[in-house]
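Please consult the sequence and the coordinates alongside the text.

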Amino acid sequence: MLIKHGEDIAPNGEQQFPYPDGSIVVKEAYRPDKDYVGLIAIMRKKAGVDPEHNDWEFIEYTRNASDAEFRVIAKDGVCWGCHARVEDIDYVFTALQ
Ligand code: HEC
């Protein structure tokens, strides 16, 4: 997980919610027995884009070979079901460490 401007979301090391406009959260994943990143999941916060879901845009890309291009596999509606479980901490499961 990559955090831009950690100070903005955790002044003095104390995490604040919601995440500020412009926040980007990236998750990369490897498939079992593969040595390249096969999945990239991104949450990007853009003011006004989806007020029902705290203005997060959800999108996920996959590829099946290390030299293949990433393609969009899923977005938004597919993601809300699970991420809504952590709506109280702005839809992001992973806490800052
Ligand atoms: C089956 C439930 C489920 C669905 C569906 C789901 N997620 Fe997640 N997602 C999780 C869980 C649980 C985590 C935290 C653990 C982890 O990183 O695997 C997570 C983590 C993430 C993270 C890292 C930030 C965080 O919340 O911890 C991003 C980014 C993300 N998901 C994006 C997406 C996108 C984009 C979609 C839709 C294409 C999606 N997710 C669909 C369960 C889900």
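## Fold and overall dimensions

The elements of the chain follow the order α-β-β-β-β-α from the N terminus on, a total of 2 helices and 4 strands. The model is predicted. Its C-alpha trace spans about 40 × 30 × 20 Å along the principal axes.

The chain has 97 residues, of which 30% count as buried. Among contacts with a separation of 6 or more, 38% are between residues 24 or more positions apart.

## The largest pocket

The largest pocket has a volume of about 390 Å³. It is lined by 19 residues, and those closest to its centre are Lys 27, Ala 41, Met 43, Glu 60 and His 83. Four elements each supply at least two residues of the lining: strand E1 (24-30), strand E2 (37-45), strand E3 (56-62) and helix H2 (77-83).

By class, 15 of the lining residues are nonpolar, while 2 are polar and 2 are charged.

## The iron site

Which residue donates to the iron atom of the ligand? The only protein donor is His 83, through NE2, at 2.1 Å. His 83 belongs to helix H2, and this residue is also listed among those closest to the centre of the largest pocket.

Lys 27 is placed in strand E1 and is one of the residues closest to the centre of the largest pocket. Is Lys 27 buried or exposed? Its relative accessible area is 53%, and the cut-off for an exposed residue is over 50%, so Lys 27 counts as exposed. Not counting residues up to four places away in sequence, Lys 27 touches Leu 39, Ile 40 and Ala 41. The C-alpha atoms of Lys 27 and Ile 42 are 6.4 Å apart in space, with the two residues 15 apart in sequence.

Thr 62 lies in strand E3. Its relative accessible area is 14%; because buried means under 20%, Thr 62 is classed as buried. When its neighbours within four places in sequence are left aside, Thr 62 is in contact with Arg 31, Gly 38, Leu 39, Glu 69, Phe 70, Arg 71 and Ile 73.

## Backbone features

The peptide bond from Phe 17 to Pro 18 is cis, and its omega is near -5°. Pro 18 is located in the loop between helix H1 (6-9) and E1.

Which phi values are found at Asp 76 and Tyr 91? Asp 76, although not a glycine, has a positive phi of about 35°. This residue lies in the loop between strand E4 (71-75) and H2. With 24% relative accessibility, Asp 76 is partly exposed, because that class covers values between the 20% and 50% cut-offs. Tyr 91, also a residue other than glycine, has a positive phi near 70° and lies in the segment after H2. Tyr 91 has a relative accessibility of 2% and therefore counts as buried.

Note on methods: Residues numbered from 1 in each chain as written. Predicted model: local features only at pLDDT ≥ 70, side-chain atom pairs only at ≥ 80, totals over all residues. Heavy atoms only, no water. 1 Å grid on protein atoms, 1.4 Å probe; cavity = no way out; pocket = protein on both sides within 12 Å on 5 of 7 lines; lining within 4 Å. Points joined across faces, edges and corners; volume = space filled by probe spheres on them. Nonpolar A, V, L, I, M, F, W, Y, C, P; charged D, E, K, R; others polar. Donors = N, O, S within 2.8 Å, 3.2 Å for Na, K, Ca; no water. Buried < 20%, exposed > 50% of the residue type's maximum accessible area, 1.4 Å probe, protein only. Contact = heavy atoms within 4.5 Å.
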